[in-house]
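Please study the model shown below.

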Amino acid sequence: MYELQEKFEPRIVGFLCRWCAYTGADLAGTSRIKYPPNINPIRVNCTGRVDPTLVLKALSSGADGVLIGGCHPGDCHYTNGNMKTLRRFKLLQNMLTQFGIEKERVRLEWVSASEGERYARVVESMTEEIRNLGPLNWKRMVEVTA
Ligand code: FES
């Protein structure tokens with residue numbers, strides 16, 4: 001007798017800036033570039049609007065990983081929203097580590113509107129990395145650290 005083992009498929013939430021990464025995702029789609037369907041994109045006006053609590057909320061609500069996709073440095077439509085996010089991101093990674101959560105579960109990537117191929121490769125590599133980490137069981141993590 002053998003058991004059918006279900007293959008783990010990561011659930012990734014993507015907070016994507018409408019001016020760059022979200023448009024890059026659109027381009028990947030319209031160009032029919034293949035990439036894993038594991039990401040649920042959420043359009044935001046700028047990565048500077050992605051409060052760390054939104055990332056924690058996504059993880060505690062069942063996401064196995066979060067991608068923050070923004071404009072390349074110097075290209076932010078709101079001057080320096082992406083640079084503010086970069087600083088917050090480092091703090092967020094420290095916080096995750098203290099919770100016992102692998103910091104690789106959250107990524108910050110710069111993807112321009114013309115980089116559909118790059119967007120696809122980012123999603124592909126993130127999906128693979130989280131697949132290797134396994135599911136994030138937020139409740140278990142919090143109970144163990146409490
Ligand atoms: S407008 Fe894209 S990151 Fe700020």
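How many disulfides are there, if a disulfide is a pair of cysteine sulfur atoms within 2.5 Å? The count comes to zero disulfides. This is a predicted model, in which local features need pLDDT of at least 70 and side-chain atom pairs count only at pLDDT 80 or more, while totals for chains, interfaces and linings use all residues. Residues are numbered from 1 along each chain as its sequence is written, and side-chain values use heavy atoms, with hydrogens and water left out.

Cys20 is buried (under 20% relative accessible area, with a 1.4 Å probe and protein chains only), its relative accessible area being 3%. Cys46 also counts as buried, at 5%.

Helix H1 covers residues 21-30; helices here are DSSP runs of H or I with at least four residues, strands are runs of E with at least two, and both are numbered from the N terminus. The buried residues of H1 are Ala21, Gly24, Ala25 and Ala28. These residues line one face of the helix, because seen down the axis of H1 they fall within an arc of 100°, taken from the directions from the helix axis to the C-beta atoms. An α-helix has 3.6 residues a turn, so residues three or four places apart point the same way. The buried residues of H1 pack against strand E1 (12-17), strand E3 (65-70) and helix H4 (116-133), where contact means heavy atoms within 4.5 Å.

The lining of the largest cavity includes residues from helix H2 (52-60) and helix H3 (81-99), at least two from each. H3 gives the most, with four residues.

Note on methods: A disulfide is a pair of cysteine sulfur atoms within 2.5 Å. Buried means under 20% relative accessible area, exposed over 50%, partly exposed in between (1.4 Å probe, protein chains only).
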